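This briefing covers selected points of secondary structure and packing in one protein. Please read it alongside the structure shown here.

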Amino acid sequence: MQSSTKTTTGVSAGKAAPGTVHTRYLVPLSFILLLALVIRLLAAFFSKGFAFSDDHFDVITIAQGWLDGLPLWLNEPMPPRHSMLYVLAHYVILYILEALGVYSPEVKMTVVRVLHGLYSLLVVYFGYKITERLAGTQQARLVGLMLALVWFMPFMSVRNLVEMVCIPPYLAAFYLMVKQDQAARKRVMPYFWAGALFAIAFTIRYHTVLFGAGAGLVLLYRSQWREAGAMLVGFAVAAFLVQGVIDLIFFDYPFHSIVAYFLYNTENAENFSTGPVYRFALTILGFLVPPVSVFLVLGYARTARLAPKLFWGGLLFFVAHSLFPNKQERFILPLLPLIMILGVIGWQQFVKTSAFWHRRRRLLAWSWGFFWALNILATVGMAFTYTKKSRVAPLVYLSEKPDLDGVVLEFGNHSVKKPPLFYLGHMSAEYDKYILDEDMVWEEYLQGRKQLPADFVMAYTLNEDKTPQELQQEITASAYKPDYVVVVGTDDLEERMARLHSLFPNLKMEHTITPSLYDQLLHLLNPRVHKDEHVQIYRVLP
């Protein structure tokens with residue numbers, strides 16, 4: 001292990017590079033972890049809602065559906081394109097909570113966010129330890145602070161995002177390899193366990209196999225056959241015990257999910273958010289806040305010899321994602337901690353030998369000062385951000401209503417947004433999907449149980465694609481009559497209310513929900529995409 005007072009360049013760690021934060025005595029690892037914990041707990045308790053569709057509808061909805069007895073995913077001819085392991089973990093969490101008598105959707109999600117926040121501390125820990133091994137304590141503390149406080153880390157860490165959850169195991173794998181590379185006694189077993197950890201990351205987010213592949217290619221290039229073989233065996237064993245066994249139990253053959261995922265994405269590569277080959281490069285530069293983001297990318301480029309396994313693993317991940325047409329910003333999240341680690345190391349080494357930056361200490365100090373000021377403000381702000389409030393809060397409000405049978409979600413002249421019915425706290429369904437039941441979910445459920453639970457709730461939708469007469473026909477044909485109407489947005493409100501009154505003559509205003517500050521900011525910046533979604537909740541009177 002490197003001395004805690006020396007960096008790999010031989011410069012005393014007590015002499016901070018110009019413009020960097022001097023962290024030698026002020027922030028030990030324990031303090032950094034405590035800081036990371038505090039901001040993540042704030043986000044867990046106050047940053048409600050969900051960030052993207054996948055982190056709710058492909059995790060929480062599925063896990064709760066299993067708990068309710070719905071054969072979601074399990075009744076389809078092809079395996080899902082998402083991590084069964086991760087959803088199974090949530091099934092266990094929700095099962096334990098309900099066994100303890102916890103049924104409130106808000107309490108359930110708070111517990112889930114807290115657990116994710118605690119788990120994410122491993123990112124800070126392993127990022128710190130890897131940097132300490134490669135470059136000394138001073139730079140490790142800077143990396144630790146970045147992983148703890150960079151604006152998106154706490155917020156994203158408490159979300160149900162596989163792109164964040166896959167990070168700790170792959171960082172732990174790299175840590176084992178770096179540690180073994182520096183050990184006096186060379187052993188093979190650490191590479192076996194590194195391969196197993198890469199496999200765990202892979203079963204959560206398939207794309208992380210590229211990190212392991214990059215590291216494996218370095219081992220092969222160096223003719224480290226035993227180490228490469230051990231890593232491959234560790235990966236294969238762990239991947240089979242997790243993904244292989246899950247697919248064997250629920251689907252047709254081991255790794256059926258991987259085959260289905262590959263085929264689906266090959267056929268639908270152009271059907272999602274696409275962009276130019278440089279989109280992820282711009283995402284990295286934006287997420288890590290310029291000009292420091294530029295420093296980090298330049299620093300990363302200088303670490304190919306210092307940390308070849310990490311460098312080539314990260315580069316392979318970046319290139320593959322840049323070349324593939326589907327480019328959603330969250331896909332690149334697993335790479336960002338690696339850029340922080342290697343970026344700090346490479347950049348700090350460069351600054352120590354750069355006459356240009358030695359003459360411009362104030363500019364460098366200003367750059368880092370801007371970075372920290374903006375990140376800390378954004379981190380605290382995001383920790384109190386209620387995302388998708390207009391979709392979540394109305395259902396949370398209705399979940400507390402006794403004898404709730406049905407609800408109408410009215411969207412005016414806008415498209416219907418998929419409602420997160422989990423937050424109703426009862427088994428529920430959208431009427432259109434329940435009746436059509438293209439996936440045979442409800443038919444299979446009723447075949448096994450004969451009837452729906454007494455507290456079942458039906459959700460109806462109304463927008464420009466459905467006439468009031470069509471909605472009335474749905475309500476007449478159903479045993480679950482609406483008790484409440486949720487009006488989303490304020491556009492053309494007079495016309496919309498007239499349409500609703502033709503269906504429900506006696507509507508009583510009961511509650512109003514205003515968008516979160518975050519949602520209001522998005523509306524201000526881009527009103528065409530992010531609508532003003534004030535929500536009004538009306539009770540249907542006899």
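The model is predicted. Strand S1 spans residues 406-410 and pairs with strand S3 and with strand S4. Elsewhere, helix H4 and helix H12 cross at roughly 80°.

**Burial of strand S1**
- Five of the five residues of S1 are buried, so the strand is largely enclosed by the rest of the structure.
- Gly406, Val408 and Glu410 point one way from S1, while Val407 and Leu409 point the other way.
- Residues on both sides of S1 are buried, Glu410 and Val407 among them.
- In a regular strand, side chains alternate between the two faces of the sheet.

**Pairing of strand S1**
- S1 runs parallel to S3 (residues 457-462), and five bridges join the two strands.
- Within S3, Leu462 is the bridge partner of Glu410.
- S4 (residues 484-488) also pairs with S1 in the parallel sense, over four bridges.
- Within S4, Tyr484 is the bridge partner of Val407.

**Helices H4 and H12**
- The axes of H4 (residues 84-99) and H12 (residues 225-250) come within 10 Å.
- Their crossing angle is roughly 80°, and angles of 65 to 115 degrees count as roughly perpendicular; H4 and H12 are therefore roughly perpendicular to each other.
- On the H4 side, Met84, Leu85 and Leu88 take part in the contact, meeting Val242, Ile246 and Phe250 of H12.
- By class, this contact of H4 with H12 has six nonpolar residues, with no polar and no charged ones.

Conventions:
Residues numbered from 1 in each chain as written. Predicted model: local features only at pLDDT ≥ 70, side-chain atom pairs only at ≥ 80, totals over all residues. Heavy atoms only, no water. Buried < 20%, exposed > 50% of the residue type's maximum accessible area, 1.4 Å probe, protein only. Pairing = 2+ DSSP bridges. Axes fitted to C-alpha atoms, helices over the stretch in contact; angles between N-to-C directions. Parallel < 35°, antiparallel > 145°, perpendicular 65-115°, else oblique. Contact = heavy atoms within 4.5 Å. Nonpolar A, V, L, I, M, F, W, Y, C, P; charged D, E, K, R; others polar.
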